[in-house]
Amino acid sequence: MRAFSPQSGLPDAMRAVRHETGRIILLFLFLLPALLAWLAERAGMGWELVTLGGVLVALGVAGALRDRRRGRATILAVGLATGCVLMLGAGHGVLPPWLATTLPFAALAIAALLCDMRALGVSVLVLLVPMAPRLPESAWEAAGLVALAGLGWLAQGIALRTLAGPRVVLMPARAAAAPVWTRPAEAFARPGLLVQAERTPDGAVRLAVAGAASGRLRVSVR
């Protein structure tokens with residue numbers, strides 16, 4: 001019987017994956033201002049404003065996690081996707097093309113590890129924002145993100161079906177019934193043949209035979 005969390009309804013294995021993924025996202029948000037400043041400096045942009053954007057995202061996620069107990073996965077996914085969009089903007093013309101293309105897919109794959117369908121859907125919406133102005137050029141990239149999100153939803157559904165055993169239901173304890181002892185009936189041998197005979201008032205004899213024995217039966221009347 002696999003254990004369930006009464007808070008999230010997820011198996012313990014998926015809860016562990018979600019916890020570790022959340023720690024990775026928080027580490028990324030902690031390093032985000034420095035990464036944005038480095039990219040903006042290389043691109044010849046004003047690093048102060050870009051860095052401030054990273055700080056606001058990190059502080060916003062930290063404040064939302066402190067005030068809310070539920071919906072943590074969605075908040076982390078929004079922070080991750082927003083940080084990815086800021087990195088793409090700050091690193092425009094600096095990041096290698098392969099890295100700029102891979103970055104949204106990597107962010108979406110990490111968001112899928114949060115084991116939350118809503119968080120994955122919100123990540124797709126945020127990551128599609130920078131592609132909207134150049135949608136004709138990035139149609140294949142946008143379709144790839146949607147396809148990856150679909151695979152993530154499918155994988156999470158399969159994981160839930162596989163890892164999630166039947167829920168444990170605890171029934172209230174009842175008082176034990178007092179044992180009742182009875183004497184077993186006396187055993188007797190089962191006869192192989194039963195014969196019943198009776199004489200009628202007019203002198204005739206009636207004979208009844210029952211049993212599993214086979215063969216001929218000889219009857220004598222005196």
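**Note on helix packing and the nonpolar core**

1. Helices α4 and α5 are roughly antiparallel to each other, because angles over 145 degrees count as such and this pair packs at about 165°. Their axes lie 9 Å apart. The model is predicted.

2. The crossing of α4 past α5 is right-handed. On the α4 side, P104, A107, L108, A111 and A112 make the contact. From α5 come L120, S123, V124 and L127. By type, eight of the contact residues are nonpolar, one is polar and none is charged.

3. Now the core. The largest nonpolar core holds 38 residues. Within this core, L29, L32, M87, L108 and L127 touch the most other members. Six helices each supply at least two residues: α1 (12–43), α2 (47–67), α3 (72–90), α4 (97–112), α5 (117–128) and α6 (139–163). The largest share comes from α3, with 10 residues.

4. L108 belongs to the α4 side of the α4 and α5 contact, and L127 to the α5 side. Both are listed among the residues that touch the most other core members.

5. What does L29 touch, not counting residues up to four places away in sequence? The partners are V57, A58, V61, G79 and L80.

6. T21 sits in helix α1. Is T21 buried or exposed? T21 has a relative accessible area of 5%. Buried means under 20%, so T21 is buried. Leaving aside neighbours within four places in sequence, T21 is in contact with I110, L113 and L114.

Technical notes. Residues are numbered from 1 along each chain as its sequence is written. This is a predicted model: local features need pLDDT of at least 70, side-chain atom pairs count only at pLDDT 80 or more; totals for chains, interfaces and linings use all residues. Side-chain values use heavy atoms; hydrogens and water are left out. A nonpolar core is a set of buried Ala, Val, Leu, Ile, Met, Phe, Trp, Tyr and Cys residues joined through side-chain atoms within 4.5 Å. Buried means under 20% relative accessible area, exposed over 50%, partly exposed in between (1.4 Å probe, protein chains only). Helices (H or I, at least four residues) and strands (E, at least two) are DSSP runs, numbered from the N terminus. Contact means heavy atoms within 4.5 Å. Axes are lines fitted to C-alpha atoms, for helices over the stretch in contact, and angles run from 0 to 180 degrees between N-to-C directions. Angles under 35 degrees count as roughly parallel, over 145 as roughly antiparallel, 65 to 115 as roughly perpendicular and the rest as oblique. A crossing is left-handed if the near helix is turned anticlockwise from the far one by less than a right angle, and right-handed if clockwise. Ala, Val, Leu, Ile, Met, Phe, Trp, Tyr, Cys and Pro count as nonpolar, Asp, Glu, Lys and Arg as charged, and the others, Gly among them, as polar.
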